[in-house]
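Me: I would like to go through this model with you and ask, for each label, what it rests on.

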Amino acid sequence: MPDREYVIDPMISAKTIAARIEALSREIGAAFAGTEKLVVVGLLRGSFVFIADLVREIDMPVEVDFLEATSYGNAMESSREVRILKDLRGKIEGRDVLVVEDIVDTGHTLKHVLGLLAARNPARLKSIALLDKPSRRETDIRADWIGFEIPDEFVVGYGIDFAQRNRNLPYIGKVRFV
Ligand code: IMP
């Protein structure tokens, strides 16, 4: 439980998110035209709402798989250790893969996961992030598709948590301590 009280200021409405996902899905469909069955990999837990809405807008056969990674920050260094807590169930060799992330912040998580999956020789490996905080980046990674670029704010909702709270908000809001 967060030990300070906070309020959530709305930032991106459910309607705006839905419209953006519809547009992104069209781009993804065009990019993967001809793919027999796209493997869509959600990074747990923050992407569970995003991936659910995204796959329902993608008009082609998809297979859904999940991977859970956790990153431990080290106050003394900018590099982070990323650990895999749950690996994919399926094989991705020779397949077209789309990795779905909630937020790219420092970029260590996405960079590590893409490196891990690239080593399994997929035919194509692309990534999408609902939110991107470019000002926080510590790596050279950028998702192929981005929903919204946001400033350096701590956000919650639409699957994204603050100490395991607020994932069920239908919109994205920023945390403000009071
Ligand atoms: P990165 O490895 O620093 O890019 O961290 C990405 C992960 O940190 C995301 O998948 C989120 O789980 C978490 N994260 C980053 N920024 C926020 C935020 O504003 N709210 C909640 N979680 C965040």
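**Labels and their grounds**

Reply: In α3, the buried residues are H108, L110, V113, L114 and L117, where buried stands for under 20% relative accessible area, exposed for over 50% and partly exposed for what lies in between, with a 1.4 Å probe and protein chains only. Helices (H or I, at least four residues) and strands (E, at least two) are DSSP runs numbered from the N terminus. The model is a predicted one, in which local features need pLDDT of at least 70 and side-chain atom pairs count only at pLDDT 80 or more, while totals for chains, interfaces and linings use all residues. Residues are numbered from 1 along each chain as its sequence is written, and side-chain values use heavy atoms, with hydrogens and water left out.

Me: What do the buried residues of α3 pack against?

Reply: They pack against β2, β3, β4 (81-86), β5 and β6, a contact being heavy atoms within 4.5 Å.

Me: Why is T106 called buried?

Reply: T106 has a relative accessible area of 6%, which is under the 20% limit, and therefore counts as buried. T106 lies in the loop between β5 and α3, and, leaving aside residues up to four places away in sequence, T106 touches R80, R136, R137, E138 and T139.

Me: What makes K133 and D105 a salt bridge?

Reply: The term asks for a side-chain nitrogen of Lys or Arg within 4 Å of a carboxyl oxygen of Asp or Glu; the closest N and O atoms of K133 and D105 are 3.8 Å apart, so the pair qualifies. K133 is in the loop between β6 (124-132) and β7 (145-149), and D105 is in the loop between β5 (96-104) and α3 (108-118), so the pair ties together parts that are 28 residues apart in sequence. K133, at 6% relative accessibility, is buried, whereas D105, at 21%, is partly exposed. D105 and K133 also belong, with R136 and D152, to a network of salt bridges, and the count by this rule comes to 16 salt bridges.

Me: Why are β1 and β8 said to stand at the edges of their sheet?

Reply: The open sheet has 3 strands in the order β1-β9-β8, with antiparallel pairing. β1 (6-12) and β8 each have a single partner strand, so one side of each is left without a neighbour in the sheet. Two strands pair if DSSP finds at least two bridges between them; β1 and β9 have 6 bridges, and therefore count as paired. P10 stands opposite G173 in β9.

Me: Which elements each supply at least two residues of the lining of the largest pocket?

Reply: They are β2 (38-44), β3 (62-72), β5 and α3.
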